[in-house]
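The sequence and the structure come first.

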Amino acid sequence: MEPRFNMFDSPTAAKLAKRFYNTALLLEQSTLPKILRELVQLRASQINGCGLCIDMHTKEAAAAGETPVRLNLVAAWRESTVFTEAEQAALALAEEGTRLADASPGVSDET
């Protein structure tokens, strides 16, 4: 399988990578626990369809102690009973914020 673009070969991709890095840095500096940060980033990666990111965040979450069952249920978190209320809130925020490009109204007041 060939990547769609080489992030190290394209000035545009390099700018995009910088934005992703800055977002990751912001999350890293947040008070969210490491496992929850990885779950949030995993959900955003699933929505964006980024295989590299899904792989990375799945491995990082597992290394931080996340269970395979919960990792497998991130995509269906709304129908799952394995996530706490706080984790559901974080996943909702990640999902609604990520779907802005889908003509979504953005993050709801409820979330």
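Are Glu95 and Arg43 buried or exposed? Both are buried, where buried means under 20% relative accessible area, exposed means over 50%, and partly exposed lies in between (1.4 Å probe, protein chains only).

## Basis of the model

The model is predicted: local features need pLDDT of at least 70, side-chain atom pairs count only at pLDDT 80 or more, and totals for chains, interfaces and linings use all residues. Residues are numbered from 1 along each chain as its sequence is written, and side-chain values use heavy atoms, with hydrogens and water left out.

## Helix α2

Helices here are DSSP runs (H or I, at least four residues), as strands are (E, at least two), numbered from the N terminus. Helix α2 has 15 residues. From first C-alpha to last, α2 reaches 21 Å, close to the 21 Å expected at 1.5 Å a residue; the expected span is 1.5 Å times one less than the number of residues. After α2 comes Gly49, with a positive phi near 70°.

The buried residues of α2 are Leu36, Arg37, Glu38, Leu39, Val40, Gln41, Leu42, Arg43, Ala44 and Ser45. Their cover includes α1 (11-28), α3, α4 and α5, judged by contact, meaning heavy atoms within 4.5 Å.

## Helix α5

Helix α5 covers residues 85-98, 14 residues in all. The distance from its first C-alpha to its last is 20 Å, close to the 20 Å expected at 1.5 Å a residue.

Buried residues in α5 are Glu87, Ala90, Leu91, Ala92, Ala94, Glu95, Glu96 and Thr98. Among the elements that cover them are α2 (34-48) and α4 (68-73).

## The nonpolar core

A nonpolar core is a set of buried Ala, Val, Leu, Ile, Met, Phe, Trp, Tyr and Cys residues joined through side-chain atoms within 4.5 Å. The largest one has 13 residues, and within it Leu39, Val74, Phe83 and Leu91 touch the most other members. Two or more residues of this core come from each of α2 and α5.

Which residues does Leu91 touch, not counting those up to four places away in sequence? They are Leu39, Val40, Arg43, Val74, Trp77 and Phe83.

## Salt bridges

The structure holds 8 salt bridges, each being a side-chain nitrogen of Lys or Arg within 4 Å of a carboxyl oxygen of Asp or Glu. One of them joins the side chains of Glu95 and Arg43, at 2.8 Å from N to O. This pair links distant parts of the chain, with Glu95 in helix α5 and Arg43 in helix α2, 52 residues apart. Another joins Glu87 and Arg70, at 2.7 Å from N to O. Here too distant parts of the chain are linked: Glu87 belongs to helix α5 and Arg70 to helix α4, 17 residues apart. Glu87 and Arg70 are both buried.

Lys59 and Asp55 also form a salt bridge, their closest N and O atoms being 3.1 Å apart. Both residues lie in helix α3 (residues 51-63), 4 residues apart, about one turn of the helix. An α-helix has 3.6 residues a turn, so residues three or four places apart point the same way. Lys59 counts as exposed because its relative accessibility is 52%, while Asp55 counts as partly exposed because its value is 38%. A network of salt bridges links Lys34, Glu38 and Glu60.

His57 is found in helix α3 and counts as buried because its relative accessibility is 9%. Leaving aside neighbours within four places in sequence, His57 is in contact with Glu38, Gln41, Leu42 and Ser45.

Ser80 lies in the loop between α4 and α5 and is buried, at 10% relative accessibility. A polar atom of the Ser80 side chain lies 3.1 Å from the backbone nitrogen of Val82. Not counting residues up to four places away in sequence, Ser80 touches Leu73 and Gln88.

## Cysteines

How many disulfides are there? The count is 0, with a disulfide taken as a pair of cysteine sulfur atoms within 2.5 Å. Cys50 is partly exposed, at 22% relative accessibility, whereas Cys53 is buried, with a relative accessible area of 19%.

Key. A polar contact is a pair of N or O atoms within 3.5 Å; within protein, one must be able to donate a hydrogen and the other to accept it, and residues adjacent in sequence count only if both atoms are side-chain atoms.
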